[in-house]
Amino acid sequence: IIVALSFLMVMVCLGFCSSPKSLFIVPVTEALDVKRSALSVNDSLRFITSAVVNVFFGLLISKFGAKKLILAGLISLMASQLVYSVADNVYVYAIGGILLGLGLCWTTTTMVGYVVNRWCASNKGTIMGAILASNGIGAAIATMIVSPIINGSATGYQDAYRLVALILVAVFVLVMIFFRNS
């Protein structure tokens with residue numbers, strides 16, 4: 001169950017929140033009337049946030065436990081998608097980038113590595129590889145779902161962000177019900 005939840009978490013969190021970001025660039029820059037380079041600050045803040053938070057990962061995991069951090073990460077990802085859906089300038093979009101970085105720290109590679117190491121006695125590398133491969137599966141599914149929504153109207157990208165937030169709610173509920181720290 002824990003491995004399946006980890007697979008689902010990476011599939012949705014990386015596959016839907018990170019991998020299809022390029023699909024949003026043109027509609028967002030056109031809607032905000034900004035250059036692509038101005039929007040790239042969002043990604044810079046995402047990676048800076050991830051770097052800083054991961055430095056403190058061991059401290060945070062020992063203080064709060066995996067489940068609380070995962071749930072906080074999913075809330076951060078939901079918030080990032082909702083912020084993106086209402087952003088009317090690059091500064092608000094940058095806030096979404098910070099939330100995205102925070103959420104991905106607590107729901108993807110670092111967290112899944114910790115969970116697999118804690119829960120799996122053997123075949124850790126194979127299990128970790130399968131879980132991380134779910135990013136590609138999620139990206140393929142996300143592209144098929146999100147692309148038509150984005151291209152459906154001038155504000156379709158906002159609806160796509162809201163849909164991703166809704167999908168994250170479903171993952172949140174599953175993690176809340178089934179995930180155990182030990």
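Cys120 is buried, at a relative accessible area of 10%; here buried means under 20% relative accessible area, exposed over 50% and partly exposed in between, with a 1.4 Å probe and protein chains only. The model is predicted, so local features need pLDDT of at least 70 and side-chain atom pairs count only at pLDDT 80 or more, while totals for chains, interfaces and linings use all residues. Residues are numbered from 1 along each chain as its sequence is written, and side-chain values use heavy atoms, with hydrogens and water left out.

A disulfide is a covalent bond between the sulfur atoms of two cysteines. In the model it is taken as a pair of cysteine sulfur atoms within 2.5 Å, and the count by this rule is 0. Cys105 is in no disulfide, the nearest cysteine sulfur being that of Cys13 at 12 Å. Cys120 likewise is in no disulfide, and the nearest cysteine sulfur, again that of Cys13, is 18 Å away. Cys105 also counts as buried, with 4% relative accessibility.

Ser50 belongs to helix α3, residues 36-55, where helices (H or I, at least four residues) and strands (E, at least two) are DSSP runs numbered from the N terminus. Ser50 is buried, with a relative accessible area of 13%.

Tyr93 is located in helix α6, residues 90-105, and is buried at 4% relative accessibility. Beyond four places in sequence, Tyr93 touches Val28, Leu32, Leu39, Asn42, Tyr84, Ala87 and Tyr161. From Tyr93 to Gln81 the C-alpha distance is 9.8 Å, for a sequence separation of 12 residues.

In soluble globular proteins, nonpolar side chains tend to be buried together. A nonpolar core is a set of buried Ala, Val, Leu, Ile, Met, Phe, Trp, Tyr and Cys residues joined through side-chain atoms within 4.5 Å. The largest such core has 52 residues, among which Leu74 and Leu168 touch the most other members. Helix α1, residues 2-17, supplies the largest share of this core, 10 residues. Not counting residues up to four places away in sequence, Leu168 is in contact with Val12, Cys13, Cys17, Leu74, Leu77, Met78 and Gln81.Helix α2 (residues 21-32) packs against helix α8 (residues 124-152) at an angle of about 10°, with the axes 10 Å apart. Axes are lines fitted to C-alpha atoms, for helices over the stretch in contact, and angles run from 0 to 180 degrees between N-to-C directions. The two helices, α2 and α8, are therefore roughly parallel, the word for angles under 35 degrees. On the α2 side Leu23, Phe24 and Pro27 meet Thr143, Val146, Ser147 and Ile150 of α8.

Asp33, in the loop between α2 and α3, has a positive phi of about 55° although it is not a glycine. Asp33 is exposed, with a relative accessible area of 69%.

How values were computed: Parallel < 35°, antiparallel > 145°, perpendicular 65-115°, else oblique. Contact = heavy atoms within 4.5 Å.
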